[in-house]
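Hi,

Here is the structure I promised to pass on.

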Amino acid sequence: MFSGSVTRSLNTQATLGRHTCSPTAVPRLPALRGYSGLRPGVWRHRAAQTLQPCSKALLQARAFGGLSQCVRAAVAAPAPPQVESEPAPKELHGFSLVQQEFIQEYNSDVLIYRHDKTGAEVMSLVNDDENKTFGVVLRTPVENSKGIPHILEHSVLCGSRKYPIKEPFVELMKGSMQTFLNAFTYPDRTCYPVASANLQDFYNLVNVYLDAVLHPNCINDEKTFAQEGWHLELKDGKDDMTYKGVVFNEMKGVYSSPDSVNNRYTQTNMFPDNTYFHDSGGDPQVIPELTFKEFQDFHGRYYHPSNARFWFYGDDEPQERLRLLGSYLDEFDARPVDSTVHLQPLLKEPKQVTVKYAAGEQSEEPAKAFVSLNWVMHDEPLSLETELALEFLDSLMLGTAAAPLRKALNDSGLGEAIIGGGMQGELCQMGFSLGLKGVDPANADKVEQLIISELEKLAKTGFSKASIEAAVNSIEFDLRENNTGRFPRGLSLMLRSMSAWIYDRDPLSRLRWTEPLEHFKARLASGEDIFGPLIQKYLLKNSHRIRVDTLPDEELAAKQEADEKQRLGDIRRQMDQTQEQGVIAETLELQHRQETPDTAEALACVPTLQLEDIPKEAASIPTDISEQQNVTMLQHELFTNDVLYMETALDMRTLPPNLLPLIPLFCRSLTQMGTQSESFIDLTDRIGRQTGGLSFYPFISSRRGSSEPLAYLMVRGKAMAEKAPELLDVMRDILLTARLDDKSRFKQMVLETRAGLEAGVVSSGHAMAAARLDAQRSIAGWAQEQTGGLSYLNYVRDLSQRIDSDWEGIQQDLETIRKALLHRTGAVVNLTGDQKTLSSAAAPVREFLAALPEQGLSGSSWQGILPAQNEAITVPTQVNYVGKAGNLFEDAGYQLHGSSYVINKLLGTTWLWDRVRVSGGAYGGFCDFDNHSGMFTYLSYRDPNLLKTVDVYDGTADFLRNLQVDDDALTKAIIGTMGDVDGYQLPDAKGYTALMRHLLQVSDSERQQRREEILSTSPRHFKDFAEAIDAVKSKGQVVVVTSAERAQAVNDKERPGFFNEIIKVL
């Protein structure tokens, strides 16, 4: 689940201590707890060859080189030196040592213990990483799609034996220095991980999570089941009866997304005979069939130490880990738990299935289909080297835009964007899925024929030497660098290890990759044909191949809604008056409980830090500032293991405003059309061999005190220190000589972009609403919306039609952008590395800057802004995304004070959590204060309500006025805020943070001032902020993403004329 308060991109993070790489991000989704479907990757998380900025719909907290952006380099980073480990105790605290091994790849001493009484297994990694990680993972296979493990995953964190309050999880969100606090449900397992760099905080988190998993109150509390899972809701005999529940509404949102529906049907048909046939997250059509008894039985069956894997990682004391864990496990006895995930037998012959997704009424071009081919690749365990070889094969076929299979699909013109993603390696059997969406159903056979013919060609002709070298270097660097951004390294390794351990395989196998990698490279060097036989055996000659055609159905959404109403009507008609009054009473009783806070005495049971534990001084990042060739140079001397991290920010304010929407596609074109001297494929291979990856994207932000926005074209890259000249050469060649004349490639990029934006409106409507609200109040917001919001979607749709009629005009626009942006006046170069690395980059940087033109076009005036009005953006969906925003600086005259961060944090974990999520049933509700523009934004996510949620927003000021915040609650809010401010960062992230602070003109003295204001926040500040936030109620605007029927009902009946404009998108 998620809810809470967040700060907008480059706000709290850049101002006070953290950063994000997203140039135009909306609020991140904090504290996600929920369903996790198929996840790619065996040895590493999938990465694009080109480093991309975070999208608006993704977690804002992802840093450069994060979970899905592992970057590449031509020369592998040196492995850390091996350290001799001391023998661990063979017996301690009721545990017996099973195995001890030093894993050189991660400089970790690995201790595997077994608990004597229960047989529970513990994997304990001891190293010098201060970002400590704990996790418990249980195998939880399902026999239906009622969503039991998903609802349990939400519910067990709603109070336990030692912490008998409504939601200890929320209390941890309020008052912890956690660097990760989450839970998620896989198709066959449930994970409860936490992380913190503060030792006492880490132990607090471990205690709460262990008690929650092993002794949850929810198994004896039907109201928690009703709140998190589902219940009938009826507040008055005159109202319509509805289904409510957090997971129920979350999964309605999932099933509203055509991409998610396609993924669901794909997995079902790939695995018709084992647990993966069912949806562990829950199908909203069958979730209401789940009984409380089934819920209790599932916990009793699987939530036992004998079915658990426990994980520790970091620099804390390994013996204390066992003592703490043993104190929970010792009261249990061993028992047999049958949680085996049975293998799917391979089909004897391929099959084809056709399914439907809900599409809106199409006024112009008809909705298109999803077409994919999907394989289960084996029914016996694979060797480690085979898994690694398949991962390389996947990278060679699909890992970059120039990879042959990916390129063939993109160039075919048969669809708009690739789906499937290739290898899927985190379930008990590896799969391979690939296809296209945006396909004319008449061309479905052609998609299948193309995939098969390309596989046959690759099996016969293989891959170029340059492509293999690039793939090997890329993957090896991914593994060695282990750069997971703000995602804890310990958690990344836990998930990697669990993909073997959870199936009773060697948990260390996925961590020991050096030997199989070296052997694999030796086979390549010998000239052995490795990849052709793999394609033949696991794909072409594999009869377990399923083609899934997911077709649009314009009537399906209405039918699903009618079926639900019919079902509820039938239930109600079968009730007598007493039963109906019972539902009303239960609804009101649940609501009363949800809206009644725990007492201060009860809340005291949750352990927390004290203000004395928080450093009083703001940490600084070493930064040397100089000028070179009219360019500002920032250098940060930090240990980076011989890796150079570099950003170049080119002034974008010289760009004519009418060309702003073309900027994202210009950025993609730079690396996807080749240069004057090399083809697209050769350029891609060069990037893979010689650099650590490159990205180009626009960065746009408001700056406090100015109506003029900041705008830069960001050029980001990394390489080993000795490859710095090659990195700078590639940057120079791309910027100055990139071809911008490949019409067919550009058209495919436009179609991919359009498909992604359209999917994002349905799955991440809160991002669209937030961007729209910002665009109504500031030039920076308008510019961001032009490059990533609804206006951008409309531009891309028009552009897709313009390509064939005015390609010369588009090409001229692209060249105009290059002339406007490629100059060094006003540029900023940011370098991060150790002293030796920075020295090695000095000469190449000078040569790079000298190659750039000194001047570009003259400055342009950006004056755009959208009308301030209430808008409904309509798509086929069963849920709503509700946003409301106002500008506190302009509408209320608010003067920024550090207490606003604390209040923002508290609002998201109390008022909005309780009213929007808990009693409202939304999957998430949060607020966001952009301290640069002054925008204060409320947003909800997968929300069953619309106007009710707006009313909650409007009640925020009164909530603050009436709030009696005691010392403990205030302390928690302050500590939680400082956890956001002092977030853990890897060296590259620190360097990027320093760049953001420089661009936004945030000094260390201002950061120290805000820190002191946060630490000295008092109840008086809450009352003062209430007056400011009241301006959002009276002067703010509402933008929602909803269904056409819901928007019309609001305007016609519920609140006539509420929306100034209803905009149909899909």
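To start with terms, helices (H or I, at least four residues) and strands (E, at least two) are DSSP runs, numbered from the N terminus, and two strands pair if DSSP finds at least two bridges between them. With that in hand, the hairpin of E3 and E4 has two residues between the strands, and His93 there takes a positive phi near 55 degrees.

Two bits of housekeeping. This is a predicted model, so to speak of local features I needed pLDDT of at least 70, and side-chain atom pairs count only at pLDDT 80 or more, while totals for chains, interfaces and linings use all residues. Residues are numbered from 1 along each chain as its sequence is written, and side-chain values use heavy atoms, with hydrogens and water left out.

Back to the strands. E3 (residues 91–92) and E4 (residues 95–103) are antiparallel, paired over two bridges, with Glu91 having Ser96 as its bridge partner in E4. E4 also pairs with E5 (residues 108–115), again in the antiparallel sense, over eight bridges. Ser96 turns up here too: its bridge partner in E5 is Arg114. Four residues sit between E4 and E5 in their hairpin, and Asn107 in that turn has a positive phi of about 50 degrees.

Next, salt bridges (a side-chain nitrogen of Lys or Arg within 4 Å of a carboxyl oxygen of Asp or Glu). The count by that rule is 73. One of them joins Arg523 and Glu385, at 2.8 Å from N to O. That pair links distant parts of the chain, 138 residues apart: Arg523 is in H15 (residues 514–525) and Glu385 in H10 (residues 384–398). For burial I use relative accessible area: buried is under 20%, exposed over 50%, partly exposed in between (1.4 Å probe, protein chains only). Arg523 is partly exposed at 22%, whereas Glu385 is buried at 17%.

A local case is Asp570 with Arg573, at 2.4 Å from N to O. Both lie in H17 (residues 556–573), three residues apart, about one turn of the helix. Asp570 is partly exposed at 29% and Arg573 is exposed at 58%. Arg572 forms a salt bridge with Glu580, with 3.1 Å between the closest N and O atoms, and both of these residues are buried. There is also a salt-bridge network linking Asp445, Glu448, Arg545, Arg547 and Asp549.

Now the pockets. On a 1 Å grid over the protein atoms alone, a pocket is an open set of points where a 1.4 Å probe fits, with protein on both sides within 12 Å along at least five of seven lines; lining residues have an atom within 4 Å of a point. Grid points are joined across faces, edges and corners, and the volume is the space filled by probe spheres set on the points. The largest pocket comes to about 1,600 Å³. Of its 48 lining residues, Glu561, Lys565, Gln878, Pro944 and Arg1046 are the closest to the centre. H17 gives the largest share of the lining, nine residues.

Last, disulfides (a pair of cysteine sulfur atoms within 2.5 Å): the count is zero. Cys191, for example, has its nearest cysteine sulfur, that of Cys428, 15 Å away, and Cys191 is buried at 0%. For Cys605 the nearest is the sulfur of Cys158, 14 Å away; Cys605 is partly exposed at 26%.

Cheers
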